[in-house]
Amino acid sequence: MNVKHQFPLLQKYGDTLAYMDNAATTQKPQVVIDAMVNYYENTNANIHRSPHRLGADATAAYEGARETVRSFIHAKKVEEIVFTKGATEAVNLVVQSYVAQHIRAGDNVVISIMEHHANFVPWQILCEERNASLRIIPINEAGELDVSTLDDLLDERTKILAISHISNTLGTINPIKKIIKTAHKKNIPVLIDGAQSIAHRVVNVQDLDCDFFVFSGHKIFAPTGIGVLYAKENYLKNMRPYQYGGDMILSVTVNKTTFNRIPYRFEAGTPPIAEAIGLAKALDFVHSLGRENIKAYTSELLHYATEKLTQIEGLRIIGQAQDKTSILSFTLADIHPHDIATLLDQQGIAIRAGHHCTQPLMEHYGIAGTARASFTIYNTKAEIDKLAAALKEVIKMFA
Ligand code: PLP
């Protein structure tokens, strides 16, 4: 897509940088940076309580951002949108404020082997603390979930099913609509980790019928420090606050505190106001490009890169699901992924190397880590050619 010129960092480095670490974080377009600068230059004030013009403007911008998020993920009500620090905090919020409130010894939580640590460790710790069991949906060699195991894994003692929409390591797109339906037949709520899907697929939480959906702004061209928890109103209304302090209360006396209504009850303290404004601008930006266009463009890049890299002798792609997004994890002969990444960096190619916060998945494949190139709207086929050529050089150096 012809968008590189809209990203100042990419403009600055020009042809000397092929940034392929988009699954970790994306670059920010000028419109997002401008929106945040504009806020600080013209509107900066605290929100909700400031009885002056700037306070009203800042509040309107922050609450406007909430409405933009609602519309972007097709939530029914703006009250169902809670701003968090990111996907990680949103998962932890659901763990502490919802599941921890009613999980008992002998109950279970179901996740999958491909989960990011953000959607793995909080559940594992909770289960350990409560003598509950953590049940894991396995995958096949291609990196696709074995959904046939759900019948056995989900039962009347399952408190939640928490699953990623798209794997950050394999690129696998999970059949979440079908999974949600299966869980709901047994009255089990479902949390979807949308950290990787939010920028690549149209997300319609009402159509999916998920109970919780989490994502981080920084993976969709927005700033760091802002993320979202979507939760159906029924759940949110009955959940305990996550943190206590200013803005989440209705009244406080020496003897008693009553809580504010949703979603404010879950946003204690001064929130990341400029970041929320930046997020809304990023969502507008993506909306204007069209997610179907983004999907088509990045799918073509994935297809092209897969073909190119498959031709390299000794290169093994980890994650070959039928339904995949533009994430390419690979090993190269017995060269350490960090060596690959370092040598590519010397040639101006930024990729990721390591376990990608999915150590259980690495254990499943019996490897320490992979090299990972992840593509988005500003990557090009020419950059992929450069990657393939650079990988061939790496092999020569190690030969
Ligand atoms: N879930 C997935 C699938 C991810 O890829 C990531 C980040 O890489 C996260 C959760 C955590 O996101 P954050 O670190 O922004 O909270």
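In the predicted model, an oxygen atom of the ligand lies 3.4 Å from a polar backbone atom of A87. A nitrogen atom of the ligand, in turn, is found 2.5 Å from an N or O atom in the side chain of D193. Taken alone, the ligand exposes 400 Å², and 85% of that area is buried by the protein.

The ligand is located in the largest pocket. A87, H116 and D193 belong to the set of residues that surround the ligand, which also includes T88, A118, N168, A195, Q196, S216, H218 and K219. By residue class, this shell is made up of three nonpolar, six polar and two charged residues.

The largest cavity holds about 80 Å³ of space. Its lining consists of 14 residues, and those nearest the centre of the cavity are N22, A23, Q196, H200 and K219. Q196 and K219 are also among the residues that surround the ligand. The lining of the largest cavity divides into six nonpolar residues, seven polar residues and one charged residue. Both domain 1 (4–20 + 291–398) and domain 2 (32–287) contribute to this lining, with at least three residues drawn from each.

Conventions: Residues numbered from 1 in each chain as written. Predicted model: local features only at pLDDT ≥ 70, side-chain atom pairs only at ≥ 80, totals over all residues. Heavy atoms only, no water. Near = heavy atom within 4 Å. Polar contact = N/O pair within 3.5 Å; in protein donor to acceptor, adjacent residues only side chain to side chain. Areas by Shrake-Rupley, 256 points an atom, 1.4 Å probe, with all protein chains shown as cover. 1 Å grid on protein atoms, 1.4 Å probe; cavity = no way out; pocket = protein on both sides within 12 Å on 5 of 7 lines; lining within 4 Å. Sits in = over half its atoms within 2 Å of the grid points. Nonpolar A, V, L, I, M, F, W, Y, C, P; charged D, E, K, R; others polar. Points joined across faces, edges and corners; volume = space filled by probe spheres on them. Domains from an automatic or database assignment.
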